[in-house]
Amino acid sequence: MNVGAEMWQGFVVCISAVFTNNILLSYFLGMCPFVSASREVKTATGLGWAVVFVLTSTCALNWVLYHWVLLPLGLEFFRFILFIIVIAAFVQAVEMLMERTSPLLYQKLGIFLPLITVNCAILGGSLFMVIRNYGFIVTVGYGLGSGLGWLMAVVAMAGIRQRLKTERIPAGLQGPGITLIIAGLMALAFMGFAGVT
Amino acid sequence: MKIIRKVFDGLQPLFEDGGRLKTFKAVYEALDNFFFAPSARTPNAPHLRDPLDLKRYMSMVIVGLAPALLAALYLNGPRLLAMIIVSYMAGGAVEVAFAAIRKKEIHEGFLVTGLIFPMVLPGALPLWMVAVGVAFGVFVGKELFGGVGRNVFNPAIVARCFLALAYPRAMSGGYVAPGGPGRLLEWVGLDAVSGATPLGLAKQGTWMDVPLLDMFLGRIAGSAAETSTLAILIGGGFLLMTRVANWRTVAAVLGSATVMALMFCDSLTEVIWQLCAGGLMFGAFFMATDPVTSAATNLGKVIYGVIIGVVVMLIRNFTGYVEGVMFAILLGNIAAPVIDEILYKVRFRRLQIEG
């Protein structure tokens with residue numbers, strides 16, 4: 001496949017990963033940070049961009065390692081462990097970088113930043129790219145799209161929750177309860193993009 | 001009037017604390033409020049500049065809905081009335097239950113939701129689906145968020161999306177075909193049903209088979225009240241004049257949809273056809289303008305409207321769905337709080353720099 005066609009396919013996959021196959025609202029991956037870090041728009045935006053960055057980079061890194069190391073050696077079954085190691089190392093690097101450049105954000109994200117390591121959306125992105133046989137450029141597009149879709153969803157959720165802060169939500173539903181209900185209604189709206197041709 | 005007042009005064013002790021019917025206090029107060037406006041006056045400034053309170057506001061919307069409702073009754077027959085009654089009863093039951101638990105009064109907001117919802121449904125939809133839909137919309141879409149004025153999503157839209165995904169066949173097949181001189185005296189059954197709306201025909205490639213005049217007057221298959229563009233324009237114009245509906249939202253939705261249509265269509269007739277088709281007009285005037293679920297800032301309303309208009313056209317042209325107004329408005333509702341938040345931040349920062 002020539003590069004131009006692959007770029008186009010990458011673009012299409014990226015757009016569909018944002019809307020049609022939103023990794024959060026269609027596959028419900030990456031729920032834990034989505035529920036816990038969506039109290040404020042600012043925190044959500046920070047974490048969202050971190051996910052975009054980590055998801056795109058780890059997808060690309062994992063593609064290279066999978067296709068150039070694991071496949072030639074016939075060690076495909078090894079991919080879960082390898083992907084997790086790559087993701088963990090990468091998140092550690094991002095964490096250190098963020099601590100240096102933006103201490104305030106680092107403080108606010110607190111425990112959630114290391115939690116990106118075990119964010120199923122990140123591992124899910126890498127595993128989907130293997131299952132769906134994406135090429136390298138398409139993989140980068142897919143990682144970027146999934147990350148942006150996650151960012152969009154978490155920021156929208158944070159906006160809604162910030163507005164709901166003063167409302168009379170039934171006591172038993174406050175916090176995670178109403179968040180999951182809102183997520184369900186958001187998924188309802190995103191069903192409108194289903195079957196994009 | 002005096003007689004009614006006497007009846008109410010006589011019944012009041014029953015509903016007070018200690019009375020036998022105190023659980024239903026909310027019902028009593030709602031009825032009382034429906035007949036008699038609260039008579040509190042303000043002796044000192046500030047005085048109200050406009051007697052338009054929440055109740056009158058809702059009444060305006062109902063007046064605005066009247067032309068479309070009459071057109072729908074003419075085109076769909078008395079079955080629509082039954083749907084409205086079922087919608088009021090099922091949704092009202094949820095409303096009353098929550099009002100009783102919360103010990104708050106019932107708000108007039110439901111009068112609008114309960115009326116709009118059956119108006120955007122296919123005319124031959126089974127009545128129990130109407131009841132399930134409106135109960136879901138009021139319960140999940142409104143009451144869980146704290147009731148009237150606190151909901152993030154438009155309850156009628158939530159209800160319609162829920163039905164469209166839960167019962168896709170009934171929701172895409174129950175459209176009443178236009179018949180003879182109207183169906184005023186006819187109880188529409190399955191024999192009057194036509195599965196294909198103009199947009200459905202367009203999707204199959206038989207583009208523009210339906211004449212533009214029929215689209216404008218409403219002699220087409222479609223959800224009950226969304227077909228007659230003329231009636232919607234009359235009622236919508238009234239809402240714009242009384243400023244109950246914000247013109248920015250309406251202009252942004254229709255404007256962006258027009259721009260998108262210009263990109264996809266070949267001729268101007270087709271663009272107007274697209275604007276008249278489906279629920280776009282009804283959604284733009286009556287559902288996107290809901291002051292609670294739309295953006296609060298003026299610029300925010302424009303951005304919110306553009307999101308809706310663009311998404312409608314994208315869904316019509318690129319997805320498996322025939323029409324996407326409800327999904328588009330729900331997406332707009334999702335985005336509205338963030339849009340406001342960002343605009344507040346920007347304005348705050350600008351004030352900080354200036355001050």
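The second largest pocket of this predicted model is lined by 34 residues, and B:Arg160, B:Met171, B:Tyr175, B:Val322 and B:Glu323 lie nearest its centre. A pocket here is an open set of points on a 1 Å grid over the protein atoms alone, with protein on both sides within 12 Å along at least five of seven lines, and a lining residue has an atom within 4 Å of a point. The space in the second largest pocket comes to about 600 Å³, where a volume is the space filled by probe spheres set on the points, which are joined across faces, edges and corners. At least two lining residues each come from helix 7 (155-166), helix 8 (168-173), helix 9 (198-203), helix 14 and helix 16 of chain B; helices are DSSP runs of H or I with at least four residues, numbered from the N terminus. Helix 7 of chain B supplies the largest share, four residues. By class, this second largest pocket is lined by 20 nonpolar, eleven polar and three charged residues, with Ala, Val, Leu, Ile, Met, Phe, Trp, Tyr, Cys and Pro counted as nonpolar, Asp, Glu, Lys and Arg as charged, and the others, Gly among them, as polar.

Residues are numbered from 1 along each chain as its sequence is written, while chains are lettered from A and ligands numbered from 1 in the order in which they are written. Local features need pLDDT of at least 70, side-chain atom pairs count only at pLDDT 80 or more, and totals for chains, interfaces and linings use all residues, with side-chain values based on heavy atoms and with hydrogens and water left out.

The largest pocket has a volume of about 1200 Å³. Of its 42 lining residues, those closest to the centre are A:Phe19, A:Met152, A:Phe190, A:Phe193 and B:Ile307. Two or more lining residues come from helix 1 (3-18), helix 3 (41-73), helix 5 (103-109) and helix 8 (136-164) of chain A, and from helix 15 (298-318) and helix 16 (325-354) of chain B. Helix 16 of chain B gives the most to this lining, ten residues. The lining of the largest pocket comprises 29 nonpolar, eight polar and five charged residues. A:Phe19, A:Phe190 and A:Phe193 also form one aromatic cluster.

The largest cavity contains about 340 Å³ of space. Its lining has 24 residues, with B:Met58, B:Val112, B:Thr113, B:Asp290 and B:Pro291 nearest the centre. Helix 3 (54-76), helix 5 (109-119), helix 7 and helix 14 of chain B are the elements that give two or more residues to this lining. Helix 5 of chain B provides the largest share, four residues. The lining of the largest cavity divides into 16 nonpolar, six polar and two charged residues.

Helix 5 of chain B is itself largely enclosed by the rest of the structure, because ten of its eleven residues are buried; buried means under 20% relative accessible area, exposed over 50%, and partly exposed in between, with a 1.4 Å probe and protein chains only. Among the buried residues of this helix are B:Val112 and B:Thr113, both also listed nearest the centre of the largest cavity.

The second largest cavity holds about 30 Å³ of space. B:Leu75, B:Asn76, B:Val176, B:Ala177, B:Pro178, B:Ile220 and B:Thr227 line this cavity, five of them nonpolar, two polar and none charged.

Aromatic contacts complete the picture. Across all chains, 17 aromatic pairs are found; rings of Phe, Tyr and Trp (its six-membered ring) pair if their centres lie within 6.5 Å, and planes under 30 degrees apart count as stacked, over 60 as edge-to-face and the rest as tilted. The A:Phe77 and A:Phe78 pair is edge-to-face, because the ring planes stand at 80°, with centres 6.3 Å apart. A:Phe77 is exposed at 63% relative accessible area, and A:Phe78 is partly exposed at 36%. The rings of B:Phe282 and B:Phe286 have centres 5.0 Å apart and planes at 45°, so this pair is tilted. Both residues lie in helix 14 (residues 280-287) of chain B, four residues apart, about one turn of the helix, and both are buried.

Technical notes
On a 1 Å grid over the protein atoms alone, a cavity is a set of points where a 1.4 Å probe fits but cannot get out, and a pocket is an open set with protein on both sides within 12 Å along at least five of seven lines; lining residues have an atom within 4 Å of a point.
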